[in-house]
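This briefing is intended for a reader who is meeting the structure for the first time. Please consult the sequence and the model alongside the points that follow.

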Amino acid sequence: MAKINVLSVEGLTKRYGEKLLFEGLTFGLSAGQRVAIVAKNGSGKTTLMNAICGIEPSEAGKIVFSSNVRWSYLKQEAELDAESTLLDSLYIGDSPAIVALKNYERVISESLEGDHLQKATDEMDRCNAWNYEARAKEILGKLNLHDLNRTIKTLSGGEKRRAALAQVLLEDPELLFLDEPTNHLDLEMIAWLEKKLASSNKTLLMITHDRYFLENVCSDIFELDDQSLFHYKGNFSYYLDKRDERRENALAVRDRARQGFKRELAWMRSTPSARTGKSKSRINRFYDIKKEAKKRLEEDPMHISVIPQRLGGKIVELHNISKKYNERTLFKGLTHHFKQGERLGIVGNNGSGKTSLLKLITGEENTDSGKVVIGDTVVFGHYHQQGGVFSEEWKVIDAVREIADFIPLKGGAKLTASQLLERFMFPRSIHHKYIKVLSGGERKRLNLLRILIANPNFLILDEPTNDLDIFTLTVLEEFLMDFQGCIIVVSHDRYFMDKIVEHIWVLGEYEGVTDYPGNFTQYRLASEEKLKKVVSSPKPQIQNPEVKGDYTTRLSYKEKFEFEKLGPKIEELENKRDELSKRLESNPPHDEFITIGEELGKVAEEIEKAEMRWLELVERAE
């Protein structure tokens, strides 16, 4: 059975100034297909998405949505009414559920009855609109947005972004466009969103740098390269394999073109009289061969063996440090001495204190108790989420050279500012452009380079992967893998954490910091295994809380009443424990697994207390 196309794009062409972003793109999306667009920054990924959605006009091409298909677009910059509340922002739109709700409220407010009320009620049933608010609260809760009466203008940038994500998810369209959906989500939120999208039957077209997200959600990859679109029918791993094959084939074609180019160039350089009677098609072919022969396909080697400044025996020492935010304790009693070459990842829900901990380590904030001791030889390189501050009138190369002209490499070599820019996807054509023409993502990448060229020996990276494309991420990962100093990383990019860090600090658990050896995946497996042991451990033999004979005559009236209630209470708690155990055995997503495990622990404690109290009353009655 042929799949139904929900979107068809034919001959789409777009320029940005004098630069051709893409030309003649033709593709279709079928129902249920989950597609990601991958490309280097500046290749036009977001522009392509905007053109499809009618936000930016294209020079040529045709875009056709199938009839009656409903679609929503999550843009990188949230567009919400600043004066509306968080909950009200979810009641804006024209989805069937919202239309049915508004019509039902109108019928009720106007006291209409008969056919009007029956039709409104039937439409509410058909659209499953009765539980719309409950679904809205559920999605907002998953995204850690709990105060529904807050106005949009009081939200942080990350909270606005999550509110916009909640809005498009609640609209429940058949076709969903997502531009970096995992930005500003913590690891548990990403796991929840990943499972939600992977198990849905929606058609997706997305842009994301989260490689595990690409691996687990996508059915197809579109690579936008050299103004063309290449289609790979598979997830991210399949794309990587096939992309290498395509590049090898392209190299072979390019090499053949270069061999032919020499012959054709000699012919073109011959005297005009020698070409007079020759074919015009051969002249055209020469220019085609020249274009193919001039292609630059090889990628620079990734490894950069930097020599960081020497670290002494004392690096950074945390002595029993604690920190509160308002009345909430973020962490307390944290003690740790960093060692040479240590690579630490920090994870925790939004608001758990990750950024605060980084600022304590660098001395940007003071501890509430305890002290931080920094060694004399430590040179911090601290990449902040907000990025750097640049003069708009600086040129790109000057922003890097202002810090240093080069980084020393092993063997006496040097990596110049210009070479570093090229390795991090700033081509030479951009080096002398003004910073004011750079995008937000390019500015963040430039700020990262300013930090790296300072040649620190202790790197602190707070969400360094935001706004970086997959290819730049690969370069950064290779740089950090060769880096010989200490590294602390806060990141929601699980793939990045798996490659870089050697142990994990988890914030937000019992006002402390839990240390897990290994990378993020090993931490997640260890925490899930820990909960599974709780579930699979032998259940205690529980005596039937039924007492034969009238032992209660020796108990007070209050104790008799308590005794009579304990039997049903213990039975109810046992049933709840069994239900939670079954839910854990069904292998739910990580965040749900953690929540159920915590609830199971509380129920087990309640059962133990109830049983002990029951035995105490039985003994007293006897």
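Predicted model: local features only at pLDDT ≥ 70, side-chain atom pairs only at ≥ 80, totals over all residues.

Residues are numbered from 1 along each chain as its sequence is written, and side-chain values use heavy atoms, with hydrogens and water left out.

**Cavity and pocket**

- Rolling a probe the size of a water molecule over the atoms shows where empty space is left.
- On a 1 Å grid over the protein atoms alone, a cavity is a set of points where a 1.4 Å probe fits but cannot get out, whereas a pocket is an open set with protein on both sides within 12 Å along at least five of seven lines; lining residues have an atom within 4 Å of a point.
- Grid points are joined across faces, edges and corners, and a volume is the space filled by probe spheres set on the points.
- The largest cavity is lined by I37, V38, A39, K45, E180, I207, T208, H209, L468, D469 and I470.
- By class, that lining has six nonpolar, two polar and three charged residues (Ala, Val, Leu, Ile, Met, Phe, Trp, Tyr, Cys and Pro count as nonpolar, Asp, Glu, Lys and Arg as charged, and the others, Gly among them, as polar).
- The second largest pocket contains about 490 Å³ of space.
- Its lining has 24 residues, of which L169, D172, K196, S200 and K202 lie nearest the centre of the pocket.
- The lining of the second largest pocket divides into 10 nonpolar, four polar and 10 charged residues.
- Helices α4 (132-142), α5 and α6 each supply at least two residues of this lining (helices, H or I of at least four residues, and strands, E of at least two, are DSSP runs numbered from the N terminus).

**Loop residues with positive phi**

- D172, in the loop between α5 (157-171) and β6 (175-179), has a phi near 55°, a positive value in a residue other than glycine.
- D172 is partly exposed, because its relative accessible area is 40% (buried means under 20%, exposed over 50%, partly exposed in between, with a 1.4 Å probe and protein chains only).
- H184 is found in the loop between β6 and α6 (187-198), and its phi is near 70°, again positive in a residue other than glycine.
- H184 has a relative accessible area of 35%, so it is partly exposed.

**Helix α6**

- The 12 residues of α6 should span 16 Å at 1.5 Å a residue, and the end C-alpha atoms are 16 Å apart, which agrees (the expected span is 1.5 Å times one less than the number of residues).
- D186 caps the N-terminal end of α6, with a side-chain oxygen 3.2 Å from the backbone nitrogen of E188.
- The buried residues of α6 are L187, M189, I190, A191, W192, L193, E194 and L197.

**Buried polar residues in two other helices**

- N50 belongs to helix α1 (residues 45-52) and counts as buried because its relative accessibility is 10%.
- The side chains of N50 and Y73 make a polar contact (2.7 Å); such a contact is a pair of N or O atoms within 3.5 Å, where within protein one must be able to donate a hydrogen and the other to accept it, and residues adjacent in sequence count only if both atoms are side-chain atoms.
- T472 lies in helix α16 (residues 470-482) and is buried, with a relative accessible area of 0%.
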